[in-house]
Amino acid sequence: MKTVLEILVTLLILSNLLLMGSSRLGTLIRTVAAQALILGLMSILNHWHCLEWGLMLTAFVSILIKAMILPRLLTRAVREAHVRREVEPIVGFTASLLIGLLLLAVSVYLGSQLKQPQSGYASLLTPTSLFSMMVGLFILVSRRKALTQVLGYLAMENGIYAFGLAFTVRETFLVEIGILLDVFVAVFVMGIMIYHINRNFDHIDTDKLAMLKE
Amino acid sequence: MTSLLSFILALTTAPLIPGIINRIKAVSAGRQGPPLLQNYYDLAKLMKKGVVYSHTTTWLFKASPVIQCAAACAALLIVPFGGGAALLHFKGDLLLFAYLLAMGRFFLVLGALDTGSSFEGMGASREVLISALTEPAFLLGFTALASFTGRFSLTGICHSVSFLSLFESAGTATLLIVVAMMLVFLTENARIPVDDPNTHLELTMVHEVMVLDHSGPDLALIEYTAALKLWIYGALLIGIVNPAGRHTLAMGLLIGLAGMAVIAILTGFIESIMARLPWVRVPQLIASALVLSILASIIVGW
């Protein structure tokens, strides 16, 4: 069980690095979905010995929304906006990958400064969650396409979920579902917005949107 | 005794590996392909031929193939094979190994630059860029293995790591390092995702372009060195993955040879199903090997 969890944490780190280095939106969407799936599995495996209905339900709903519904929605947005890849990011992809390494080092340092409630793999989960948040934030600021930024937002959300997992924060069922619903609605609205922006202006480059004046 | 035997085995059977790779590529393309021993025939033919030197070259050009081959042979002395110890092993031989191969490459580049051809200069510049990224990936990967096993020689590391440990502590790290070393293997041997050994198109060559001006026995030495490098990196990969432990002499060598054949066949298949990456994407691929190595060291150090 411990090895499985360690492999899952490693996969989480690798998927974040993939997010940093990949230009194709399809790959990015699938990676974010895979992250949500890994996190859902981890939250179930984490409490394997004392499984409750509420916990199972939250995990399944989060997998359903973040790994199945949202990716469909975003794939649809990609198709409608005719954007297959992030062409000219503000920071290049190899540079992003190396910055990703730097962020990983920073989050490992920060993680080692924090008091760990658990030992073993779980203590590796804290730096991983910090790393996920930083990667999400970095993608938000360093990419031009609105769709990629939505994906950055989702990666950051995954990081926050992982952080809760690392500290075994157990919100009540209602709070968890509420957060999920927020994310779902946010991405839903962003998807519709992207569609309309694209229809009115023929592109979804956010830095050009700054020049719009009524 | 075992070590001497495996050293001689490496020197004699190394040219067979490119033969296996070429055969696999031919078979998966539906051709019959050259005989497995073709490389030996080529080497024998080249040794009989005369040498042509350009007027612009100096002694460096003549020395470069010899030094490359000597460096590869010296590196081979340090690499363990077939469960036994290497002929030479001492604390820190890991670094000597990396720098022996770096020296070989340095003289390859010097020889290419010495011809004065801008074409070869381009190949040399690419080779140096590739090696600047590959060396840290290799060294960091082996540093992670060294700190996790507590040994600091290639023989010690290959004896302590085994396939079985993939399922125990630091198994994830070992797995990451195996993937990183596979990428290093392909890169260092100028294999397909990075460089195409068959192409003679100026835009795509890296290794082949640097040896264009060599002829006769010089070329034979270079071809032989390339085969030796395949063997060396293959032996290291086997050393990490191999179910180590004490075997009898014959059994250990047999396992080693089988592993080498598996690696050659795997390389052949990779070359058959993949295209060479565009040059701008190559640094990204090697950087990902670097990322894997660093991640492995972080997990080990945690």
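Leaving aside its neighbours within four places in sequence, which residues is Leu147(A) in contact with?

The list runs Leu25(A), Leu74(A), Ala77(A), Val78(A), Ala81(A), Val83(A), Ile194(A) and Ile204(A), where contact means C-beta atoms, placed from the backbone, within 7 Å. This is a predicted model, so local features need pLDDT of at least 70 and side-chain atom pairs count only at pLDDT 80 or more, while totals for chains, interfaces and linings use all residues. Residues are numbered from 1 along each chain as its sequence is written, with chains lettered from A and ligands numbered from 1 in the order in which they are written.

Leu147(A) also turns up in the largest nonpolar core, which has 137 residues; along with Ala75(B), Val79(B), Ile232(B) and Leu237(B), Leu147(A) touches the most other members. Such a core is a set of buried Ala, Val, Leu, Ile, Met, Phe, Trp, Tyr and Cys residues joined through C-beta atoms within 7 Å. Helix H10 (residues 216–241) of chain B puts in the largest share, 18 residues.

## Chain A

Chain A has eight helices and zero strands, counted as DSSP runs (H or I, at least four residues, for helices; E, at least two, for strands) numbered from the N terminus. Its radius of gyration is 18 Å, close to the 17 Å that the globule rule gives for 214 residues, so chain A is as compact as a globular protein of that length. That radius is taken over C-alpha atoms, and the rule is 2.2 Å times the number of residues to the power 0.38.

Buried residues make up 40% of the 214 in chain A; buried means 20 or more other C-beta atoms within 10 Å of a residue's own, exposed 12 or fewer, and partly exposed in between, with C-beta atoms placed from the backbone.

## Where A meets B

Chain A brings 15 residues to the contact and chain B brings 13. On the chain A side, helix H1 (2–21) and helix H4 (93–113) each supply at least two residues.

The axes of H4(A) and helix H12 (residues 282–301) of chain B come within 10 Å and cross at roughly 10°. The two helices are therefore roughly parallel (angles under 35 degrees). Among the residues making this contact are Phe93(A) and Leu104(A) from H4(A), and Pro283(B) and Ile298(B) from H12(B).

Ala190(B) has a positive phi of about 55° without being a glycine. Most residues other than glycine have a negative phi. Ala190(B) sits in the loop between helix H8 (171–188) and helix H9 (207–210) of chain B, and counts as buried because it has 20 C-beta neighbours inside 10 Å.

Notes:
Contact = placed C-beta atoms within 7 Å. Axes fitted to C-alpha atoms, helices over the stretch in contact; angles between N-to-C directions. Parallel < 35°, antiparallel > 145°, perpendicular 65-115°, else oblique.
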